[in-house]
Amino acid sequence: MKMVTAGYRVRLMVITCIALFMAMLDNLVVGVALPSIQASFHAGMAELQWFLNAYTLAFAALLIPFSALGERFGRKRVFLSGVAMFTLGSLAAALSDSSMQLILARALQGIGAAAIMPISLTLVNTAFPPEKRAAAIGIWSGISGLGLSIGPLVGGAIIEGAPWQWIFWINVPIGLIAVLLGMRWLKESKGERKPIDPFGILLLCAGLFGLVFGLERGNDYGWGTFGVWGSMAGGAVLLLAFYAWERSRKQPFVQFSLFRSGNYSAYLSAGFWLNAGIFGAIFLLTLFLQQAQGYSALGAGLREMVWTACTMICAPLAGLLIGRFGSKRILLLGMFLQIAALLGLAVVIQNQGASFPFGYMVPMMMAAGAGMGFSFTPLSHGLLSSIPEESAGEASGLSNTARELGGAFGVAIGGLVFARGGAVATPDDFGDHLVPSLFVLTAMLAVGFLAVAFMVRSSRRRAVRSSGSDAAAGIKQPG
């Protein structure tokens with residue numbers, strides 16, 4: 001992007017962060033409102049699950065296609081279309097008077113979020129010069145993590161003081177402001193113009209849908225049921241068919257050549273295992289605070305602010321430190337802090353049961369939150385620095401898809417290990433079931449840590465040098 005001023009970069013960060021926060025918030029904000037929605041619609045368990053899954057499945061399946069469409073038709077155009085779709089979906093959700101209407105509205109929100117998430121990162125990455133890029137991505141990462149983390153808190157606060165529809169109404173004016181400001185302030189930019197491949201997009205979306213659906217429904221339907229393993233197997237077959245189809249095309253929809261960069265593959269793998277471990281843990285610990293320690297949804301959300309505040313502080317700080325220490329070292333620090341935090345929580349719960357003061361958890365939650373902040377920023381910066389700049393949009397879509405799959409995998413496997421302990425009759429039973437899950441989720445984080453430690457090539461050159469003109473020239477850079 002040429003002739004980009006400092007004022008434009010500030011305006012771009014404002015618009016992208018508003019939209020990103022809104023989209024990430026709605027990933028989890030609906031969960032605490034489910035009892036109120038159930039009472040309003042007299043909904044069954046299957047419908048409650050689809051209130052959540054409609055968003056997640058649409059989001060996960062469309063991240064890569066929207067990234068590619070942004071590169072071809074214009075990032076501003078596709079990004080603002082995503083914000084508009086998300087806002088329209090929020091309006092439709094607030095006005096819903098049946099379960100099916102809410103499910104469809106949630107799917108529309110997920111479609112919009114799939115355009116917002118990767119393209120916002122691409123806009124930030126291409127607008128900032130190399131020496132400022134890491135800090136900008138740090139702010140972007142902090143906003144993303146904050147939106148995900150405080151979703152339950154915001155939802156709990158709204159539900160205690162207003163009808164459930166207000167968790168959607170609040171998005172409407174925010175989304176309209178973001179669209180209007182974006183139309184006025186954002187400049188259009190494009191990446192590599194690839195021909196549209198409808199059949200390949202269909203194979204990719206259907207394959208990702210099958211995988212995520214199976215992972216998310218395994219614990220509810222049973223991992224041995226045909227609906228679960230058939231969905232996952234079918235998704236895997238469709239993704240293999242997508243790979244074979246793309247390999248036969250002269251101009252493939254997805255550049256598999258990106259995986260020739262060892263650093264890119266390592267960061268992609270680390271993103272999967274990072275989200276698997278940490279979001280599986282967040283899911284179970286939120287339940288622990290409510291079901292074992294007796295806090296309300298709002299009370300649990302307030303206590304989780306110990307975690308999210310550290311994420312918000314450390315993500316931008318990580319961006320400043322990358323220039324001195326490099327993405328690899330900061331990411332290893334972040335993942336180490338999360339591993340230590342989950343192990344610490346497991347030991348406390350194992351020794352104390354479920355009846356212990358919340359203060360016992362505070363040091364570990366602070367470490368986990370700081371670890372998230374020190375992980376999200378170098379993960380995104382290192383990945384984008386390892387590929388040519390013109391491929392940033394596609395790389396961002398692949399990265400976010402891997403992380404979304406990782407989150408679904410971590411919640412599914414963490415829940416499976418938890419459920420194997422049998423029935424939960426007392427708070428201490430909950431703690432006994434939670435400890436093995438935390439150990440398994442810690443092992444997932446350790447896999448990501450090892451992938452970075454042994455696969456990412458180190459460099460003594462500062463990140464501000466390695467993320468600039470060399471990357472634009474297509475040179476594979478170390479993290």
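So, domain 1 and domain 2 bury about 1,000 Å² between them, and 70% of that area sits on carbon and sulfur atoms. Keep in mind this is a predicted model. On the domain 1 side, the residues losing the most area to domain 2 are Gln-49, Leu-57 and Ala-61, which together make up 44% of what that side buries.

What kinds of residues does domain 1 put against domain 2: nonpolar, polar or charged? Seven are nonpolar, three are polar, and none are charged.

Now the wider layout, for orientation. Domain 1 runs over 1-186, domain 2 over 198-251, and domain 3 over 253-457. In the contact, domain 1 supplies ten residues and domain 2 supplies eleven. Their C-alpha centres are 25 Å apart.

How many cavities of 30 Å³ or more does the structure hold? Three. The largest cavity has about 100 Å³ of space in it. Its lining includes Ala-68, Glu-71 and Arg-72, then Glu-192, Lys-194, Pro-195 and Ile-196. Also among the lining residues are Phe-253 and Gln-255, along with Glu-390, Ser-391 and Glu-394.

That's my bit, so over to you.

How values were computed: Residues numbered from 1 in each chain as written. Predicted model: local features only at pLDDT ≥ 70, side-chain atom pairs only at ≥ 80, totals over all residues. Heavy atoms only, no water. Domains from an automatic or database assignment. Contact = heavy atoms within 4.5 Å. Buried area = accessible area lost by both parts, 1.4 Å probe. Nonpolar A, V, L, I, M, F, W, Y, C, P; charged D, E, K, R; others polar. 1 Å grid on protein atoms, 1.4 Å probe; cavity = no way out; pocket = protein on both sides within 12 Å on 5 of 7 lines; lining within 4 Å. Points joined across faces, edges and corners; volume = space filled by probe spheres on them.
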